[in-house]
Amino acid sequence: MALFSVSLAEKGMAAGQTRSETSTDPTTLWRDFNQTLAACAKQVDAFHLTLQAAHKLGAVKGAICMADAALQGKLVVRLSLGFEGASNKVLAASAPGRTAAFEAFAHDQMLVVPDYASSDYSPTALEAHHGVTGAAYLPIRTRRKGAQGLLLAVSAPGKTFDTDTLVLFEQMASALGTSLERLASSKPFVLASPAELTELPAGLFEAFRRCLNTDDIETLSAAILEQCRDFTGSNLGFVGYVDPATGYLNCPTMTRDIFAQCKVAGKTVVFEKAGGLGGWVLDQKAPLIANDPSAHPASVGTPPGHLPIRRFMGVPCFSQARVMGMIALANKDSDYTGHDLRIVSAFADIYAAAVARFLSERELTASRNRLASLYDTAPCGYQTLAPDGLVIEANETALRMLARPREEVIGRLIITDLLTTTGKALLADQIRDLNAHEAVAPVELHLRRPDGARLPVLHSVSATRDERGFVQQIRCTLVDVSLRKALRETRDYLETLFKHSASPIIVWDSLLTITRFNQGIEQLTGYCSDEVIGQPLAMLFPEAERAALMERIGHTRHGGRLESAELPICTRSGDHKTVLWNSSNLYAEDGVELLATVAQGVDITDRKSYELALRKTNRALKTLSHGNEILVRATSEMELLQGVCDILVQVGGYRLAWIGFVEHDAQKHIRPVARAGNGIDYLDHVTVTWDDSPTGRGPGGMAVRRGEPQVFQDVLHDPRFHPWRAAALERGYASNAAFPLKHKGQVLGLLALYGDQAYGFDPDEMRLLNELVNDVAFGIVTLRTRAAHAALELEREHHLQRLRETMEATVQAVAATIEKRDPYTAGHQQRVARLAVAIATHMGLSPQQIEGVHFGSLIHDIGKISVPAEILSKPGALAAMEFELIKAHAAAGQEILKGVKFPWPIIDMVSQHHERMNGSGYPHGLAGEAIRLEARIIGVADVVEAMSSFRPYRPALGMDSAMAEITERSGTLYDAEVVAACLHVLHGGFRFDEPG
């Protein structure tokens with residue numbers, strides 16, 4: 001049972017209050033604290049008072065932690081503020097390193113941590129769980145023993161305590177330490193007087209008798225508790241015994257009153273280690289009266305939910321100096337006395353003796369049951385025979401061997417009835433020898449079962465004799481050897497399978513020495529078993545890889561296994577074979593000692609060769625695919641060449657790839673233009689030519705001269721590679737292939753590849769790579785042709801631009817010539833052109849059409865060159881004949897331009913710009929869609945410009961009048977779509993006098 005503790009919430013202190021809410025004058029607070037502390041009679045009250053004062057000084061959380069001698073001096077939370085569920089918790093570090101609370105306690109000095117985030121210290125696990133960011137730690141000292149505890153005061157987040165507050169904290173902790181010395185010196189109880197001890201209550205011996213007449217420990221425990229509570233007047237209590245097997249305290253009476261009132265989740269009646277005052281009684285093996293429980297050093301307070309303990313008495317139960325259990329009583333209305341102790345001690349003696357007896361009987365029964373169980377469940381059969389062979393006793397194993405129920409065997413079965421003639425003779429000889437000797441050799445008998453089957457057993461006998469030495473009973477032991485026979489047959493089968501299996505099988509011991517070598521591995525390696533048994537396993541592996549392979553295999557000595565492990569095996573002839581191994585370990589009976597490792601393999605040398613060839617082919621196909629992507633995507637020759645080199649290295653996995661073009665200088669150099677891979681500086685240190693010199697007799701030079709792919713599979717040993725060998729080996733190149741870049745029989749250059757393994761290029765791979773090289777050569781020619789075409793196209797565009805500029809200058813000159821004859825309409829055609837182009841652009845015409853509208857507008861009145869100047873500039877109204885001459889200018893313009901080849905329908909624009917949608921125009925009376933769209937656009941622009949401008953025969957009518965005209969006659973005289981576009985342009989701010 002735990003000691004009583006005070007809840008701060010019950011005292012009116014709300015956890016988390018700020019100092020401003022509870023602040024008071026420090027001098028007044030210190031005076032009140034000292035006076036109240038001096039009046040405290042219990043430790044828990046002193047603890048509560050200290051936390052309450054710390055809270056008033058601004059601590060949002062706090063705790064009193066005391067060193068517990070039973071826990072090797074660890075700090076235990078005795079009372080807390082704001083740390084829910086912390087009571088009786090041991091402080092533990094939250095992280096490795098320096099914990100602030102432990103440092104302050106160990107060095108017996110105040111320690112303040114304003115912010116853990118910027119501190120070298122770490123909080124305890126309790127503080128970390130509650131989100132503490134900073135705190136002050138004040139040692140609680142006694143004069144005789146120094147630091148005995150710690151006052152923990154937590155500051156508000158982002159704040160720290162000022163110096164005056166820290167001084168008050170330190171003084172409070174010191175005063176609390178002095179007070180604890182006073183409170184700890186009080187006596188836990190006063191022994192009763194001798195007169196009290198002689199007075200025994202009535203009915204005590206009758207109570208003893210009732211307790212002694214119980215049948216089990218549970219009933220006895222309940223009776224003892226009931227009597228002790230009645231005789232002492234206790235409200236609560238328990239009686240428990242110590243289980244000798246576990247050392248745990250079992251309290252079968254705990255549920256009778258305490259469980260009904262206790263609010264703690266996970267209540268138990270078994271305590272692995274009893275704590276508090278009850279634990280003190282068991283540890284000290286002494287009785288305890290604590291009428292002020294909180295003042296006792298062993299007090300742990302009352303955790304939330306536990307019943308409060310106001311008074312306590314505990315008595316250990318001894319039997320032969322051994323603690324058998326204890327009786328604990330609590331909450332008597334008055335103080336416990338020595339008289340109560342004497343009565344309960346008497347019950348404790350009864351309980352101890354009874355527990356010792358019950359436990360002994362329980363162990364005896366368990367031992368008897370164990371022996372019976374061992375006899376019946378033994379792995380061998382036991383039976384007892386009368387001298388005539390009658391079975392008078394048998395265990396369950398023997399009955400299972402006989403395959404008969406007990407009632408058909410015991411006292412009914414003669415063992416010889418189950419034996420063959422040979423078996424009867426063997427048994428008779430065995431019993432005859434037993435009469436003459438003490439020890440008799442076992443024999444193998446075959447017992448007949450009800451189904452007719454025979455069970456082979458190894459039969460051993462011994463005798464029970466009378467005082468004269470005559471045999472009274474024959475004790476027989478039967479061992480089923482059918483499994484042994486099956487194992488022997490299985491062993492022979494497995495041995496045959498091992499020896500003659502076509503699969504390689506090898507066995508080695510814990511020292512990695514070969515112990516078995518079957519026919520399959522003899523055929524694989526060429527060694528016979530006599531040559532290798534007793535030799536190190538390492539002899540089978542290639543020397544270059546031996547150390548690494550043995551380290552890998554060495555793991556089998558520590559429980560490891562080979563699972564689908566590919567290992568190279570060196571044959572007697574020096575060839576290498578690739579074998580896929582799986583292994584399993586054989587252990588001694590203890591399951592620890594390794595006896596041997598058995599490995600079975602599959603020769604996958606050919607399969608690996610096929611896989612390697614397939615990987616190379618797949619690699620080449622993948623490279624070819626990516627190369628084709630580059631061919632399609634590349635827009636320049638350099639992009640193509642560098643992209644192909646990058647793919648050959650990144651996708652193809654070649655160590656170096658480069659492309660060079662042939663030079664026709666005196667030395668016939670091959671000039672590198674693109675490169676990628678490992679050691680690309682290689683080309684800076686070597687020379688490659690295509691002449692018949694040493695530098696031209698490598699794969700590259702030969703590929704250019706012969707026009708066919710060339711490969712050197714082993715650069716280390718091929719004498720032709722001598723000029724480049726040192727640089728190549730330094731960069732890890734082991735093989736080299738070169739492919740000519742050809743187009744229509746002409747070699748443009750070469751592509752060279754370097755592999756990191758000798759014989760790294762196979763025929764299929766070379767064929768696919770050559771296909772890629774041919775595509776690259778085609779790509780080079782294509783890009784060069786495309787570049788030439790682009791240059792021609794650019795030149796053509798420049799030529800057309802010059803023609804346009806010439807044409808525009810010509811048109812502008814013609815327009816200027818016309819306007820010189822009609823000074824009143826000077827600039828008319830340019831203004832019409834600006835508006836017409838704006839309309840055409842808004843309508844979404846193509847750039848080609850818009851350009852035609854521009855040029856057509858500039859010369860739409862070219863026919864006026866045939867009209868006399870005096871008519872063009874006449875200020876008054878025109879006569880009918882004069883107007884007809886004016887109208888003839890459209891047809892005249894058509895006649896003037898009919899020999900000029902324009903890229904646009906300019907002649908139609910000039911001749912049709914006065915035609916109208918309803919056919920009322922001139923010179924041909926065209927209507928609707930028969931009029932070109934460009935002419936309809938120029939016609940609307942011409943009307944708007946003419947009406948808004950001055951003429952010799954009238955003043956300018958203005959833009960509003962022009963817009964009204966085309967709006968009113970939209971669809972009749974003018975194209976409605978063109979009118980809508982013109983109005984949108986004009987409303988959008990178009991002005992004739994702004995430059996276009």
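Residues are numbered from 1 along each chain as its sequence is written, and side-chain values use heavy atoms, with hydrogens and water left out. Because the model is predicted, local features need pLDDT of at least 70 and side-chain atom pairs count only at pLDDT 80 or more, while totals for chains, interfaces and linings use all residues.

Five strands form an open sheet in the order 18-17-21-20-19, with antiparallel pairing (strands are DSSP runs of E of at least two residues, helices runs of H or I of at least four, both numbered from the N terminus; two strands pair if DSSP finds at least two bridges between them). The edges are taken by strand 18 (514-517) and strand 19 (565-570); each has a single partner strand, so one side of each is left without a neighbour in the sheet. From one strand to the next, the twist averages 35 degrees (axes are lines fitted to C-alpha atoms, for helices over the stretch in contact, and angles run from 0 to 180 degrees between N-to-C directions). Four bridges join strand 17 (residues 505-508) to strand 21 (residues 594-603) in the antiparallel sense. Ile506 has Ala599 of strand 21 as its bridge partner. Helix 19 (residues 546-553) packs on the sheet and touches strand 17 and strand 19, its direction making about 135 degrees with that of strand 19.

Lys332 is located in the loop between strand 11 (322-330) and helix 12 (338-377). Its relative accessibility is 12%, and Lys332 therefore counts as buried (under 20% relative accessible area, with exposed over 50% and partly exposed in between; 1.4 Å probe, protein chains only). Apart from neighbours within four places in sequence, Lys332 is in contact (heavy atoms within 4.5 Å) with Thr232, Gly233, Ser234, Arg311 and Asp340.

The structure holds 28 salt bridges (a side-chain nitrogen of Lys or Arg within 4 Å of a carboxyl oxygen of Asp or Glu). One of them joins the side chains of Glu103 and Arg98 at 3.9 Å, N to O; Glu103 is partly exposed at 22% relative accessibility, and Arg98 is partly exposed at 39%. Asp684 and Arg675 meet in a salt bridge of 3.2 Å, N to O. Here Asp684 is exposed, with a relative accessible area of 54%, whereas Arg675 is partly exposed at 25%. In the salt bridge between Arg720 and Asp718, the closest N and O atoms are 2.9 Å apart. Arg720 is partly exposed at 40%, and Asp718 is buried at 14%. Glu393, Glu396 and Arg406 are linked in a network of salt bridges.
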